[in-house]
Amino acid sequence: LRPSDLLAISERIVAITQGRAFPITEIHPSWWAKFLVRFVTKSPYGIGLGSPWTMELAIREAGLPRMLVAAFVAAVTKPFGIRGLFYRVVGKHINAIDGPCGYTLPLASGERYAKLGPKDPNGVAEHLAREIGVGIAIIDANDLGVEVLGASEGVDRTFVQAAFKDNPLGQPNEQTPMAIVRAAS
């Protein structure tokens, strides 16, 4: 790393190091999780809240009342072509929750995991920036888009979103947890 570099880190590895990944065998979906998951639009780019395990994690993270309000708002606005209000209402980086799907690697034991988003991504980015000495961005990128969940002081979030728009960290095969962004000379 050079002092002018930016280090972009996948939110997934931050969450894993924080102990926010759980074997699905230890997640027991509630009735509400099993009910709400039926209304999730499935995507080929990731499981998101499309499994009872990830939905249960979302309920635990955001709280059932907030999840129900967000689901109601989404149900009312979706017929009018208004999308994305569920995640705006529920907040708490619920969109960073992921679960096992075809391209995620199980552990050597075959165990599959679901994970929450990282806790305090801005604080983590600031801490790492002080320790490493470069700008840090914690990103949630997939083939649908990119969100900067956390960034150290001075990091231009708009630039980071543009730089990772085409998802250079990869999805199915690449699975690269970090990338160095360096100005061209």
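This report walks through a helix pair, a set of salt bridges and a surface patch in a predicted model.

## About the model

Residues are numbered from 1 along each chain as its sequence is written, and side-chain values use heavy atoms, with hydrogens and water left out. Because the model is predicted, local features need pLDDT of at least 70 and side-chain atom pairs count only at pLDDT 80 or more, while totals for chains, interfaces and linings use all residues.

## Two crossing helices

Let's start with helix α3 (residues 52-62) and helix α4 (residues 64-77), whose axes come within 6 Å and cross at roughly 115°. That makes α3 roughly perpendicular to α4 (a word used for angles of 65 to 115 degrees). Helices here are DSSP runs of H or I with at least four residues, and strands are runs of E with at least two, numbered from the N terminus. Just after α3, Gly 63 takes a positive phi of about 95°.

Which residues meet between the helices? Met 55, Ala 58, Ile 59 and Ala 62 of α3 are in contact with Leu 64, Arg 66 and Met 67 of α4 (contact means heavy atoms within 4.5 Å). The buried residues of α3 include Met 55, Leu 57 and Ile 59; buried means under 20% relative accessible area, exposed means over 50%, and partly exposed lies in between, with a 1.4 Å probe and protein chains only. Besides α4, the buried residues of α3 pack against β2 (21-23), α2 (31-36), α5 (85-90) and β3 (113-115).

## Salt bridges

A salt bridge is a side-chain nitrogen of Lys or Arg within 4 Å of a carboxyl oxygen of Asp or Glu, and by this rule the count comes to six. In one of them, Arg 182 meets Asp 5 at 2.6 Å, N to O. Arg 182 lies in the segment after β6 and Asp 5 in the segment before β1 (6-10), so the pair ties together parts 177 residues apart in sequence. Arg 182 is partly exposed at 38%, whereas Asp 5 is buried at 2%.

Asp 98 has two partners to look for: Arg 12 at 3.2 Å and Lys 115 at 3.8 Å. Both Asp 98 and Lys 115 are buried, while Arg 12 is partly exposed. Together with Glu 11, these residues are linked in a network of salt bridges.

## A nonpolar surface patch

Finally, Leu 1, Ile 132 and Ile 180 form a nonpolar patch on the surface, with about 280 Å² of accessible area together. Patch residues have over 30% relative accessible area and no salt bridge; like charges are joined within 9 Å, and nonpolar side chains (Val, Leu, Ile, Met, Phe, Trp, Tyr) within 5 Å. Ile 180 sits in strand β6 (residues 178-181) and is partly exposed, with a relative accessible area of 47%.

How values were computed. Accessible areas come from the Shrake-Rupley method with a 1.4 Å probe; for residues, only the protein chains shown count as cover. Axes are lines fitted to C-alpha atoms, for helices over the stretch in contact, and angles run from 0 to 180 degrees between N-to-C directions. Angles under 35 degrees count as roughly parallel, over 145 as roughly antiparallel, 65 to 115 as roughly perpendicular and the rest as oblique.
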